[in-house]
Amino acid sequence: RMIFPLLWLLASAASPTIQSPEEMAGVLQDVQQLGISLANRNLSAIQKVLMAVAASNATNSTADNVLHGVDEIVNETLEPAVERDFSVAQDEISGFHELFLKCEEDQLSAFNHSVLDQKKIVHFAEEHLICRQHQVLLLDANLSCTTLLQAAKTVEDAKCALYERSRTVPEASVVCQAQAHEAPEAYHERKIKELEDSLAQLLTRRRDCEEAKVQAQMQSERCEKARQDLANGHKACDEKQLMVDSTVCALQTRMGVDCSAYDSCRKQAMASFMQANESVKMTEAELKATWTMLKQVRCMINGAKERSPLKVALCSKQRNFSVAHLIINYSTVPPFAPCQSLAEPPGSPQYMTALYGHMPPRAPASPCEASCCNLQVVR
């Protein structure tokens with residue numbers, strides 16, 4: 001470290017006095033070195049210089065020039081530097097509020113995306129409910145068709161059985177049995193008429209049998225279509241349910257990712273905040289100590305101007321200077337926002353009851369087949 005001639009002089013003098021213009025000129029030349037002592041908070045060195053000035057009886061302008069130089073350093077350099085450093089420290093600690101705010105803004109954005117996903121789930125769930133209600137109508141149509149098919153089969157069996165019985169030719173009579181007073185020609189005409197009527201009845205019953213078969217076949221085809229419609233309807237409803245469950249799984253994944261990102265953001269912000277907090281606390285203490293020292297220097301300058309070594313000595317011990325304007329306003333840490341999560345794990349009984357408990361009893365929801373539901377079953 002450089003030791004300046006003036007400090008050696010003051011340190012070696014029992015009762016420092018400066019009488020000659022040459023000695024005062026030496027003090028004046030050491031003003032720049034005095035600035036270094038101020039920057040290094042070397043209060044004892046500053047005190048010695050000012051004590052030397054205060055102890056002198058010089059009335060010329062040399063001593064006043066020395067005091068003016070010291071005052072200028074304090075006023076124009078050191079005090080503004082303290083205030084500037086305070087402003088920097090305050091801005092640094094205040095800036096961390098923005099860092100935490102960024103985490104909260106990201107969390108809010110994630111929440112808004114979650115709300116949109118939940119609206120999608122509500123929309124898909126409504127479509128699924130309508131589909132299950134339509135499935136009930138298809139069930140009713142299938143049951144009705146089955147009942148009509150059974151009736152058509154019964155009619156077919158009855159009419160065709162009657163036709164089969166009518167096809168049996170009765171055995172011919174060996175003896176012709178004419179009615180009383182019936183002429184042979186009348187007898188034969190009657191028998192021909194009976195035969196024609198029997199043939200006409202047979203043809204009618206055959207036609208009725210064939211029509212019954214056609215009606216039964218048509219009804220069977222209608223029932224087959226009804227069964228296919230029911231199967232397709234059930235499949236469509238399962239696909240709509242899968243859309244609901246898959247969207248819930250995607251929401252659950254997004255919530256987990258968003259929660260991890262928010263937790264990481266908060267931890268990084270907190271680590272930086274705590275580190276900066278400690279650093280700024282040290283800076284605050286240093287600035288207050290520097291400000292107190294500068295006020296002591298100002299007080300000692302006044303004592304030197306009055307040529308009072310006693311006042312200079314007393315000022316060097318004074319500590320009750322206000323540093324209220326150097327109190328850092330530390331930012332408070334925003335509360336930790338809770339992460340979003342699903343109330344019921346997808347695929348669980350609670351989930352199925354909450355989401356699908358209001359389905360029609362005859363068309364309940366199928367077991368959850370989405371990826372996260374399968375994981376739930378495994379667990």
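Modeller: One term to start with: a residue is buried under 20% relative accessible area, exposed over 50%, and partly exposed in between, using a 1.4 Å probe and protein chains only.
Colleague: OK, so what percentage of the residues in the protein is buried?
Modeller: Of its 379 residues, 34% are buried.
Colleague: And where does the model come from?
Modeller: This is a predicted model, where local features need pLDDT of at least 70 and side-chain atom pairs count only at pLDDT 80 or more, while totals for chains, interfaces and linings use all residues. Residues are numbered from 1 along each chain as its sequence is written, and side-chain values use heavy atoms, with hydrogens and water left out.
Colleague: What's the average pLDDT of the protein?
Modeller: The average is 82, and 83% of the residues score at least 70. pLDDT is the predictor's confidence in each residue, from 0 to 100.
Colleague: Where is confidence lowest, and where is it highest?
Modeller: Helix α1 (residues 5-12) has the lowest mean, 29, while helix α8 (residues 349-356) has the highest, 94. Residues 1-19 have pLDDT below 50, and this stretch has 24 contacts in the model beyond near neighbours in sequence. A contact means heavy atoms within 4.5 Å.
Colleague: How should I read a part like that?
Modeller: Where pLDDT is low, the predicted coordinates should not be read in detail.
Colleague: Got it. How many helices and strands are there?
Modeller: The protein has nine helices and zero strands. These are DSSP runs numbered from the N terminus: H or I over at least four residues for helices, E over at least two for strands.
Colleague: What does helix α6 look like in numbers?
Modeller: Helix α6 covers residues 184-305, which is 122 residues, and spans 175 Å from its first C-alpha to its last, close to the expected 182 Å. The expected span is 1.5 Å times one less than the number of residues.
Colleague: What comes just after α6?
Modeller: R307 does, with a positive phi of about 55°. R307 sits in the loop between α6 and α7 and is partly exposed, at 23% relative accessible area.
Colleague: New topic: which residues touch the most other members of the largest nonpolar core?
Modeller: Those are L50, V297, M300 and A304, in a core of 38 residues. Helices α4 (43-55), α5, α6 and α7 (309-317) each supply at least two of the core's residues, and α6 gives the largest share, 14. Another core of 17 residues lies apart from it, with C249, M255, L355 and M359 among them. A nonpolar core is a set of buried Ala, Val, Leu, Ile, Met, Phe, Trp, Tyr and Cys residues joined through side-chain atoms within 4.5 Å.
Colleague: And Q90, is it buried or exposed?
Modeller: Q90 is buried, with a relative accessible area of 15%. Q90 belongs to helix α5 (residues 61-166), and its side chain reaches the backbone nitrogen of N329 at 2.8 Å. Leaving out residues up to four places away in sequence, Q90 touches I327, I328 and N329.
Colleague: Last one: how far apart are E83 and W291?
Modeller: They are 208 residues apart in sequence and 9.1 Å apart in space, C-alpha to C-alpha. E83 is also in helix α5 and is partly exposed, at 41%.

Terms used: A polar contact is a pair of N or O atoms within 3.5 Å; within protein, one must be able to donate a hydrogen and the other to accept it, and residues adjacent in sequence count only if both atoms are side-chain atoms.
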